[in-house]
Amino acid sequence: MDHPNVPPPIQVDDCDPSHLIPLLQRIQQQEGYISEQSVRQIARLLKISENHIYGVASFYSQFHFQKPGKHHLKVCLGTACHVQGGVQLAQEVEKQLSLRSGETTTDGAIDYEEVACLGCCAQAAVVEIDGVIYAKMTTDRLVKKLNELRLHEPLCSGADESSLSALASA
Amino acid sequence: MTSLWMTIDGRVLEVEKGETVLQAARRYGFYIPTLCDYAHLTPHGSCRLCIVELEGSPKTPAACTTPVEDGMIVRTHSPRLQALRSEILRLLLSEHPICCLVCPEQDHCDECMITLRKSGVTTGCRSCPKDGLCELQELVVRIGLEGQSPYPVYYRGYSVEKGDPFFDRDYNLCILCGRCLRVCEELHFATTLTYVERGNRTMVGTAFGRSHVEAGCSFCGACVEVCPTGALVEKYSKWDGRADGEATSICPLCSLNCEVHLLTKKGQVINSLPVDLLGKGPLCLAGRFGIPELVNHPQRLKVPQLREGTGWRQLTWEEAAQILAQKLFNCPSENFGLLISDSISNEDLYIAQKFARVVMRTHQVSTLAAQRYGHGFPQVIELLKQSVSLQALDTAQAVLCVGLDTRYLQAVVETKLVQARRRGAKLVTLYTQAHNLSFFADEELLAEPGQEAGFLSALTHLTQGKLPSGRAFSKEQRSALQRASKSLAASPVVILVGSAALESVKNKTLLQAVQALAKALHAIVVPLISQGNLSGSLMMGAYPHLLPGGFGLDDEVQRQKVMGRWSTPLPAISTDPLFWRQGGRLRVLMTIGENPPKDLPESAFVITQHLIPPAEGRVDLLLPLAAFSESNGSWIDYAGVMHIGHAAVPPLGEALPAWQMLCKVARSMGARGFDFANAEEIRAEITRVVSGFWEGATVDRFHLAIGSDHKLQQPLRAADLEYLSYPLSYWVQGWQWLQTQR
């Protein structure tokens with residue numbers, strides 16, 4: 001029954017429901033998403049219902065319920081990116097990959113998320129792929145990148161892009 | 001309580017510290033509109049309609065979440081509040097279908113009900129099943145919407161969830177008041193409903209979009225009852241609209257005998273609700289959703305019928321009584337038998353045994369309880385004698401549940417366990433499989449089928465401090481037993497015995513072990529019998545060996561009392577408690593609410609009074625029985641407490657309660673002492689024969705258990721709750737479906 005990947009409980013001897021969010025965070029960090037199995041285990045541990053846990057977890061956008069894809073794609077829809085055509089980028093992703101925000105392609109290659117701001121508005125419109133920011137994105141360049149991702153080819157990042165990712169992580 | 005003074009709408013009032021402004025205002029008769037508030041639920045403050053003005057504050061706080069303060073000056077109505085409330089309603093309505101408010105045909109809706117109902121069922125044109133019952137609709141009419149709405153209509157476009165039994169969910173109509181999820185949390189260990197997502201995508205749902213069955217719902221129907229809009233509605237009465245009558249009766253489907261509030265329309269029961277949802281608790285699915293389906297079963301018998309060749313001839317009651325009188329007149333007393341259901345009312349049971357003893361001069365009257373409980377029947381009676389009300393859980397420090405699964409049936413008990421556990425009581429379960437309580441119990445004991453008694457005696461030994469060595473327990477089981485014993489060390493302890501234990505094949509040893517443990521722990525034992533009136537059948541003496549009052553046939557004092565009251569000698573002592581199994585001897589068998597046994601001789605004349613035609617067994621004369629909702633009657637519950645049920649509707653067709661049928665036949669046979677006009681007159685006679693009947697509590701009044709030396713059959717294993725010889729799944733479609741899901 002035991003799931004090998006679930007981190008050991010924070011405190012075994014008391015089933016205090018206030019441990020719920022730290023537990024969810026650890027699972028999200030270690031597994032990349034909150035699976036049905038982990039929810040069942042937390043329910044047993046804390047003696048609260050799975051529905052309740054799901055209710056709490058689904059409130060926060062940091063928790064995901066689908067197994068993440070191999071590559072992570074984020075399109076920014078913040079104000080600056082919106083002005084610079086972020087919506088068109090999002091539509092292109094939907095068209096190309098038949099994905100809506102929060103979903104993963106059926107082959108598990110790419111997961112996709114629309115986000116509010118990635119913190120580099122001066123470079124709008126931006127797209128983030130596997131933690132790397134791609135600046136001043138156009139639909140043509142996005143299609144190219146997506147094709148690269150789909151072929152599982154290693155992504156070559158230009159000089160401007162790597163400097164940006166350093167900026168983003170700083 | 002400390003008293004404070006505050007002013008509401010200019011009136012200076014004395015209020016109690018700790019109250020909310022809403023509670024205080026309501027107590028003094030002020031009207032403040034609310035949607036998310038529901039009696040006895042924790043305040044939520046989400047609908048914002050109860051906003052009030054506070055003197056000295058620019059804000060308009062919600063009255064339901066604002067505690068009263070000394071010197072507070074509150075205004076409940078002002079042009080500003082009116083405008084704000086109107087605005088809030090408009091915002092709510094921008095996401096809520098509003099045909100019921102704006103339809104130009106609205107005024108004609110009621111008079112054209114018939115046509116509209118038809119189209120509503122087929123096309124859904126009548127906008128909403130809650131039309132006329134919706135709290136939002138009522139508030140819009142009451143508060144009013146001023147001017148045009150500036151908000152575009154936003155349709156959420158959820159598909160209606162119809163996949164689960166008993167109720168439909170249309171979350172397009174949901175206003176997110178949170179009543180359903182709060183009531184669910186209040187009543188159950190496992191919350192089924194929760195808010196999922198957030199912002200404008202918030203909706204009420206379950207984990208991972210599961211169905212209610214998968215999500216652990218017990219279908220107690222509390223959420224449906226509290227829903228202010230048409231988001232949650234019963235499937236059965238979805239388009240029935242407003243009820244035109246009501247009555248309080250009791251649910252005869254199990255021995256808990258919960259009070260039910262029956263809603264009726266045009267002489268039919270359309271809905272069944274708990275009397276006080278958050279006070280006395282909810283109903284289980286049997287009482288909440290099963291009753292309307294059961295009493296309106298499509299196969300209900302309406303007139304007496306006589307078998308003629310392969311067909312049936314309809315009779316009047318006079319003809320039927322004459323045929324019966326003739327058959328019974330020519331039947332020697334030792335060749336007559338009467339089988340009656342143990343879910344039927346005391347009045348019916350009393351008249352049935354009186355009929356057999358006075359008119360037919362035989363003791364051959366019985367229910368099938370002896371067959372059902374087999375060797376363990378004396379132990380079941382023993383437990384019933386000592387049983388007390390579930391109110392014992394209010395003070396219990398530890399509770400042991402033996403063979404009790406409250407997921408669906410008897411879900412009412414779960415609510416009481418939730419309350420006990422919140423109070424700090426320990427919960428220990430003993431069952432053969434994981435079930436709804438095991439998840440939340442402090443200690444779960446899992447026994448192999450047949451090993452439960454071993455676990456119980458191990459617990460008994462542990463009260464002396466030591467687990468006997470050499471017993472077949474694994475290391476884990478031994479430590480689980482140790483922990484369970486520690487949990488049960490607190491006092492007082494209540495042991496609940498569920499139907500899986502009571503009706504198990506080895507119930508005799510199991511129940512003996514329960515009694516031994518109860519003795520060692522000084523615990524109270526409550527058997528949660530599944531038959532609606534087993535206690536009543538014992539008290540009324542509807543067994544070959546029992547006299548009214550539960551006395552043995554050889555109890556001379558009671559014998560004299562009964563003979564004096566009936567002014568007739570009692571027949572000689574009969575000895576066979578399973579007379580209906582003696583094959584060729586029976587010439588006339590009458591069954592009331594029971595199917596006739598299959599192995600009866602061809603020559604026997606079989607009379608059956610039932611709600612529906614028996615699915616098996618041969619019947620010669622078929623009589624329609626009035627449902628419990630169609631007659632007054634009394635029932636005695638698992639704790640020996642009497643409950644009175646009132647008729648909600650007149651009997652269907654020419655159906656009669658059993659006592660009326662028997663009195664009719666007795667009178668046409670010239671017998672005296674059967675001139676009862678109503679159930680109250682029978683109760684008056686019972687009171688004279690059974691001392692203490694009116695007081696209700698019957699704890700020590702079953703003076704005799706049927707001796708354990710009788711060769712009883714092996715009991716049947718309990719798979720389902722049974723009512724009038726059919727499993728509940730035969731009566732209730734949703735339950736049948738749920739059974740297939742298990």
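**Exercise 1.** In this predicted model, find which residue of E18(B) stands opposite Thr429(B).

*Solution.* Start with the strands: E17 (residues 426–431) and E18 of chain B pair in the parallel sense, over 4 bridges. Now look across from Thr429(B), and you land on Glu444(B) in E18(B).

**Exercise 2.** Work out which side chains of strand E18 (residues 443–446) of chain B point to which face.

*Solution.* Recall that in a regular strand the side chains alternate between the two faces of the sheet. Here, Glu443(B) and Leu445(B) share one face and are buried.

**Exercise 3.** Describe the open sheet formed by 3 strands of chain B.

*Solution.* First, the order: it goes E9-E10-E11, with antiparallel pairing. Next, the edges: strand E9 (245–250) and strand E11 (268–274) of chain B each pair on one side only. From one strand to the next, the twist averages 30°. Zoom in on E10 (residues 259–265) and E11 of chain B, and you'll count 6 bridges; Leu262(B) sits opposite Ser272(B) there. Finally, helix H9 (residues 285–295) of chain B lies across E10 and E11, at about 165° to E11(B).

**Exercise 4.** Check whether the span of helix H18 (residues 507–521) of chain B agrees with what its 15 residues should give.

*Solution.* Just past the helix, His522(B) has a positive phi of about 55°.

Technical notes. Residues are numbered from 1 along each chain as its sequence is written. Chains are lettered from A and ligands numbered from 1 in the order in which they are written. This is a predicted model: local features need pLDDT of at least 70, side-chain atom pairs count only at pLDDT 80 or more; totals for chains, interfaces and linings use all residues. Helices (H or I, at least four residues) and strands (E, at least two) are DSSP runs, numbered from the N terminus. The expected span of a helix is 1.5 Å times one less than its number of residues. A residue is buried if 20 or more other C-beta atoms lie within 10 Å of its own, exposed if 12 or fewer, and partly exposed in between; C-beta atoms are placed from the backbone. Two strands pair if DSSP finds at least two bridges between them. Axes are lines fitted to C-alpha atoms, for helices over the stretch in contact, and angles run from 0 to 180 degrees between N-to-C directions. Two residues are in contact if their C-beta atoms, placed from the backbone, lie within 7 Å.
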